[in-house]
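Hi everyone, thanks for coming.

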Amino acid sequence: MAADYTNTPAEQASLAALKGQLPLVGLTGGIGSGKTAVSDELAILGAAIVDTDLIAHQITAPGGAAIPLIHEQFGAEFIDPSGALDRSKMRSLVFADPQARKSLEDITHPLIRHETIKQAQQLVEKRAPYLIFVVPLLIESGNWRSLLDYLVVVDCPEETQIERVMQRSKLPRKDVEAILKAQTSRAERLAYADMVIENQGTLDQLKVEVLSLHQKILQIQKDRSSSS
């Protein structure tokens with residue numbers, strides 16, 4: 001259950017206020033494309049990272065801000081023995097019941113938005129060269145694009161996505177295919193991209209791609225600064 005939300009006008013304004021202070025880069029891709037691997041490498045190179053999917057996991061972990069609200073809305077059977085959200089059980093429910101999906105989103109999305117803005121504002125103050133927002137369903141969310149200077153898509157063949165997710169999450173193939181079907185198509189995602197990271201090879205090959213992306217962003221920013 002990836003983080004997927006539309007910012008309210010006030011939140012949109014808070015994020016828009018960051019524009020111009022440093023380059024704002026959106027990083028997205030389908031499930032299993034390798035967004036985390038890319039953002040990890042960019043962090044090593046000095047980028048500031050706000051990962052909305054990581055935030056979503058944190059608020060539904062044991063003691064997370066969403067847990068009492070989920071317990072109240074859905075019942076104790078959706079909380080696992082550790083005190084975290086039972087993601088498998090909730091995934092089955094929200095795929096079958098649109099109203100349950102909306103109820104979950106009404107709980108999690110405001111918390112994710114609040115933490116996203118908080119982290120972004122803190123990172124701007126640290127003077128990173130640029131800020132990466134990792135948003136799994138960025139295209140689907142609608143209003144992110146206007147906030148960003150660049151949109152980077154992590155891409156690989158759909159069969160590779162399916163194999164990775166089956167191995168990582170131990171989900172049956174039909175469940176992974178259902179998740180892919182609910183997301184924007186690969187072709188549409190690529191059509192929105194300013195830059196594309198191909199991730200179907202080795203980690204060393206990915207590192208070369210990420211370094212090239214990092215250098216491009218820095219060079220574009222340098223060119224813009226010198227012409228202003």
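Let's start at Leu131. Leaving out residues up to four places away in sequence, Leu131 touches Leu22, Pro23, Leu24, Val25, Ala48, Ile49, Val50, Ala120, Leu123 and Val124, where contact means heavy atoms within 4.5 Å.

A quick word on the ground rules. This is a predicted model, so local features need pLDDT of at least 70 and side-chain atom pairs count only at pLDDT 80 or more, while totals for chains, interfaces and linings use all residues. Residues are numbered from 1 along each chain as its sequence is written, and side-chain values use heavy atoms, with hydrogens and water left out.

Now, which residues have the most contacts inside the largest nonpolar core? They are Ile70, Phe74, Met90, Leu131, Phe133 and Trp144, in a core of 36 residues. By nonpolar core I mean a set of buried Ala, Val, Leu, Ile, Met, Phe, Trp, Tyr and Cys residues joined through side-chain atoms within 4.5 Å; buried is under 20% relative accessible area, exposed over 50%, and partly exposed in between, with a 1.4 Å probe and protein chains only. Among the elements giving two or more residues to this core are strand 2 (48-51), helix 4 and strand 3 (131-134). Helices (H or I, at least four residues) and strands (E, at least two) are DSSP runs, numbered from the N terminus. Helix 6 gives the largest share, eight residues. Apart from this core lies another, of 17 residues, including Leu27, Tyr150, Met195 and Ile217.

Let's look at helix 6 again, with a partner. Helix 4 (residues 67-74) packs on helix 6 (residues 98-125) at about 155°, with the axes 10 Å apart. Axes are lines fitted to C-alpha atoms, for helices over the stretch in contact, and angles run from 0 to 180 degrees between N-to-C directions. So helix 4 is roughly antiparallel to helix 6, a label for angles over 145 degrees. On the helix 4 side, the contact is made by Leu69, Ile70, Gln73 and Phe74, and on the helix 6 side by Ala100, Ser103, Leu104 and Ile107.

Last stop, the backbone. Most residues other than glycine have a negative phi. Arg127, though, has a positive phi of about 60°; Arg127 sits in the loop between helix 6 and strand 3, and is exposed at 71% relative accessible area. Lys170 also has a positive phi, near 60°. Lys170 lies in the loop between helix 8 (158-169) and helix 9 (173-182), and is exposed at 66%.

Thanks, happy to chat!

Note on methods
Angles under 35 degrees count as roughly parallel, over 145 as roughly antiparallel, 65 to 115 as roughly perpendicular and the rest as oblique.
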